[in-house]
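Please open the model in a viewer and keep the selection panel at hand. The tour begins at the ligand and then moves to the sheets.

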Amino acid sequence: MDYKAANQLQDLQYFGEYGGVNPSISDSSTYTFLSAKTMFDTFEGNTEGCYLYSRHSSPSNLYLGEALAAMEGTETANVYGSGMGAITSVIMQLCDTGDHIVSSRTIYGGTYAFLKNFLNRFNIGVSFADSTSVEHIENAITPKTKMIYCESVSNPLLEVADIAALAKLAKKHGISLVVDNTFAPLSVPAARLGADIVIHSLTKFINGTSDCVAGVVCGSKDFCLSLKDVNHGAGMLLGSTLDSLRAASILKNMRTLHIRMKKHSENALYLAQKFETDGLSVVYPGLSSHPGHEVFKTQMNSVYGYGGLLTLDVGSLEKANALMELMQDRKLGYLAVSLGFYKTLFSAPGTSTSSEIPLEEQQKMGLGNGLIRFSIGLDDDIERTYVLMKACMAYLEILGRHISRTVL
Ligand code: PLP
């Protein structure tokens, strides 16, 4: 499938306030009105093109939102101060007291914690189901269900959701399909496949420089406007606002996203294939051995590949820690959470990004404590990286004891 997502980004062209090739950065929290009547109308939501206050919207944030909407192919998009700011705004906007959500059971730990531990304060029920099975998801739907929530490629297990099938199911039940597409920007055209709302943590691949946190909600004009409503909008009222200076820098970084995604994917596929040939427990959606490979293949924008994330299960937390520390010492990347950086990042999700998920549930979903999540970087010479990674593994093997220097 080829949705030519990048071509729409390619067409974006700016003439800044002074003819600059970058839009001018808006550096104001508040805006003047030439008449009091226009100010009133703007607060009532009856005017277009007027800014009232930067928590509501700002020119720089709108520019970034437009670029992200072009990328996802939605009518519009609102940017937020973090991925969690985007996720929580969407959920609080769609759900009322007494409503119910069906969520994938393998999702980012922060989202899982919000759904499981926070929403009960509002009497919003959540059922966790296996999002790789449309049947499991359908069985969890009740008359009170308002939305299906999943990640296109899940954190950290890299399960692949069949978005077109889930969209059909959501339509059948008259509910919304919300997809977090953070792991697969450009690769998985979630909105074009039928997702009603697509969220990204911009913190990751889209910004790509690990220097800020930000998020986006891509959707219809009506939904994005409702999020901004001064009386009832969760985005406006919860206040997870992105700063204009950051919005401007993310917009500039986005211009190389298509090149970076191709390289992240190429490098990750190379390592995954090598590790698999070596008999290691590697999981990567680009491998035909991956249970979601065929689904990914049919829904992907093929030029961008299968993404930059892979996992390797080395058997125990001690071994995982020893390997990660050694790889960091050998300058192969950083022992750090997050993803989408130019350097490879690795962490053990069971004790970091998924630690919010109780141990017995981690085990049930197949998240072993020896699992290392790799966000593969933009290494120019990935063959050398492979050789050095293998040397780290061999060294630890020879050492015969995989005791981490860190006592957890
Ligand atoms: N969604 C996914 C898939 C993530 O991995 C993360 C963070 O790791 C988030 C959302 C949250 O994003 P942020 O950290 O920008 O709030």
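Which of the 14 residues around the ligand come nearest? Select M84, D180, S201, T203 and K204: these come nearest, where a residue is near a molecule or strand if one of its heavy atoms lies within 4 Å of it. The model is predicted, so that local features need pLDDT of at least 70 and side-chain atom pairs count only at pLDDT 80 or more, while totals for chains, interfaces and linings use all residues. Residues are numbered from 1 along each chain as its sequence is written, and side-chain values use heavy atoms, with hydrogens and water left out.

**The ligand**

Display the side chains of T203, K204 and N155 next. An N or O atom in the side chain of T203 is 2.6 Å from an oxygen atom of the ligand. A polar side-chain atom of K204 lies 2.7 Å from a ligand oxygen atom, and one of N155 lies 2.9 Å from an oxygen atom of the ligand. On its own the ligand has 390 Å² of accessible area, of which the protein covers 91% (Shrake-Rupley method, 1.4 Å probe).

Now colour the shell by class: it has 5 nonpolar, 6 polar and 3 charged residues. In this scheme Ala, Val, Leu, Ile, Met, Phe, Trp, Tyr, Cys and Pro count as nonpolar, Asp, Glu, Lys and Arg as charged, and the others, Gly among them, as polar. Helix 4 (residues 83-94) gives the largest share of the shell, 3 residues. Helices (H or I, at least four residues) and strands (E, at least two) are DSSP runs, numbered from the N terminus.

Select the open sheet with the order 1-7-6-5-4-2-3 and mixed pairing; two strands pair if DSSP finds at least two bridges between them. Strand 1 (76-80) and strand 3 (125-129) are at the edges with a single partner strand each, so one side of each is left without a neighbour in the sheet.

Zoom in on strand 2 (residues 100-104) and strand 4 (residues 145-151), which pair in the parallel sense over 4 bridges. Here H100 stands opposite T145 in strand 4.

Strand 8 and strand 9 (residues 309-313) pair in the antiparallel sense over 3 bridges. To finish, select S281 and its bridge partner in strand 9, D313.

Technical notes. A polar contact is a pair of N or O atoms within 3.5 Å; within protein, one must be able to donate a hydrogen and the other to accept it, and residues adjacent in sequence count only if both atoms are side-chain atoms.
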